[in-house]
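Reader: I have a few questions about this model, so please bring it up and we can go through it piece by piece.

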Amino acid sequence: MKYEFWMATLYRLGNEKRRHVSEMTGGAKEFYHLSGRQLINLCLFTKEEISYIEKSREAFDIEGEWKKFLKGDIQFIPWKSDSYPERLLEISDAPYALFVKGNLPLEQKRSVAIVGARDCSEYGRSISRMIGKTMAEYDIQVISGMALGIDSASHAGALEAGGDTFAILGGGCDVCYPRTSINIYNNILSGNGGVLSEFLPGTQPQPKFFPMRNRIISALADILIVVEARERSGSLITADCALDQGKDVYAVPGRYLDPLSVGCNRLIEQGAGIFVDMNSFLKNTGIVNTAKKKKNPIGEISLSREAACVYNCIDLDVKHLDVITHESGLDLLTVLDALGTLKKYKLVQETFQNYFCRKL
């Protein structure tokens, strides 16, 4: 396995070439011990690549680095391992190996990837959290990238429901990025989820790594949902990967001229499925075998007529106190009292001063 570990460090050779040469030579150990002349005779590598391989063998302390790796709590899963996800083997640029903290997604369970803008709106955050939570309630695995905004909210929703969620990172799986997601990172690992990467432990995130990780997000999922995306968004790269992999792509439609809606609306224009509501999505995709009745968010809470009236005036998009007061037809003091009750029961949240939306 230590030779596979060494070979996993040879990023510049590419995934497909490393897999190919491993098969040609009989494995990573055999490849490691090839002479310079034998490397030339394979007719696979340029002079620069051969020099790169030889320098790596000289500089990389294979025994020491492998022993150091084994001291950490990280799984190393090369592409030939029985544990390697079958869904990844189906894509053309499958990672040569994965590094995993926690668990891998289960092959026999359905998975949905949820991605979107980092600088999302409160509306988008609520929607992605709701989708993540509902997927988890149906025992569907939630895949995302743990980025700020939509990604983190989808993980949070799945965790809230006690579900399994998996983060694919653009750096080492032991490097929490962004650092503000440390609670989500730790909560994923304290449950049955996992944090995955094709990059060596300790690798710091770089902009060029994120488009690479997007193909893994889409490959591990049965369906991709884009919640909010700008016109030039990394989420659209993930959508392109999903389409290339033969996956269904859904987008949450947004408001006309809203910059955060342009990417999703373009996807819909190009033929993506429209995420109208959860029941329609579940029915149209057949991702679950039986329909589950949605719970009334008020549940068994007994609200006054005024509090119920105010609640009915609030939705997932934020509204100012003045608008709520006007729409409810109640006086300001009554509305404030009702909002206090609704906040107490965690039915609404104040996103910033005097702006409210439903809490999912």
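Reader: How do the residues lining the second largest pocket divide by type?

Author: The lining of the second largest pocket divides into six nonpolar, six polar and six charged residues, where Ala, Val, Leu, Ile, Met, Phe, Trp, Tyr, Cys and Pro count as nonpolar, Asp, Glu, Lys and Arg as charged, and the others, Gly among them, as polar. Please keep in mind that this is a predicted model, in which local features need pLDDT of at least 70, side-chain atom pairs count only at pLDDT 80 or more, and totals for chains, interfaces and linings use all residues. Residues are numbered from 1 along each chain as its sequence is written, and side-chain values use heavy atoms, with hydrogens and water left out.

Reader: How much space lies in that second largest pocket, and what counts as a pocket?

Author: The second largest pocket holds about 260 Å³ of space, a volume being the space filled by probe spheres set on grid points that are joined across faces, edges and corners. On a 1 Å grid over the protein atoms alone, using a 1.4 Å probe, a pocket is an open set of points with protein on both sides within 12 Å along at least five of seven lines, and lining residues have an atom within 4 Å of a point.

Reader: Which lining residues are closest to its centre?

Author: Of the 18 residues that line the second largest pocket, Gly-116, Arg-118, Ser-233, Gly-234 and Ser-235 are the closest to its centre.

Reader: And which helix gives the most to that lining?

Author: That is α11, with five residues; α11 (209-219) and α12 (234-244) each supply at least two. Helices here are DSSP runs of H or I with at least four residues, strands are runs of E with at least two, and both are numbered from the N terminus.

Reader: Changing topic: which residues of α5 are buried?

Author: In α5, Glu-49, Ile-50, Tyr-52, Ile-53, Ser-56 and Arg-57 are buried, where buried means under 20% relative accessible area, exposed over 50%, and partly exposed in between, with a 1.4 Å probe and protein chains only. Seen down the axis of α5, these buried residues fall within an arc of 160 degrees, so they line one face of the helix; the arc is that of the directions from the helix axis to the C-beta atoms.

Reader: What is exposed on the other side of α5, and what do its buried residues pack against?

Author: Lys-47, Glu-48, Lys-55, Glu-58 and Ala-59 are exposed on the other side of α5. The buried residues of α5 pack against α1 (2-8), α2 (15-25), α3 (28-32) and α4 (36-41), with contact taken as heavy atoms within 4.5 Å.

Reader: What about α10: which residues are buried there?

Author: Ile-184, Tyr-185 and Ile-188 are buried in α10, and they cover an arc of only 105 degrees around the axis, which puts them on the same side of α10. Asn-183 and Ser-190, on the other side of α10, are exposed. Among the elements covering the buried residues of α10 are β2 (97-102), α9, β5 and β6 (194-197).

Reader: Where is Gly-145, and what does it touch?

Author: Gly-145 sits in the loop between β4 (141-144) and α9 (150-160), and it is buried, with a relative accessible area of 3%. Not counting residues up to four places away in sequence, Gly-145 touches Asp-151, His-155, Ile-168, Leu-169, Arg-213 and Ile-217.

Reader: Now backbone geometry: which residues have a positive phi although they are not glycine?

Author: Most residues other than glycine have a negative phi, and most peptide bonds are trans. Met-146, however, has a positive phi of about 60 degrees; it too lies in the loop between β4 and α9 and counts as buried at 0% relative accessibility. Lys-346 is another, with phi near 60 degrees; its place is in the loop between α17 (332-344) and β11 (348-352), and Lys-346 is exposed, with a relative accessible area of 59%.

Reader: Where is there a cis peptide bond?

Author: A cis peptide bond joins Tyr-177 and Pro-178, with omega about -5 degrees, and Pro-178 lies in the loop between β5 (165-168) and α10 (182-190).

Reader: Last one: how many helices and strands does the protein chain have?

Author: The protein chain has 17 helices and twelve strands, and buried residues make up 52% of its 360 residues.
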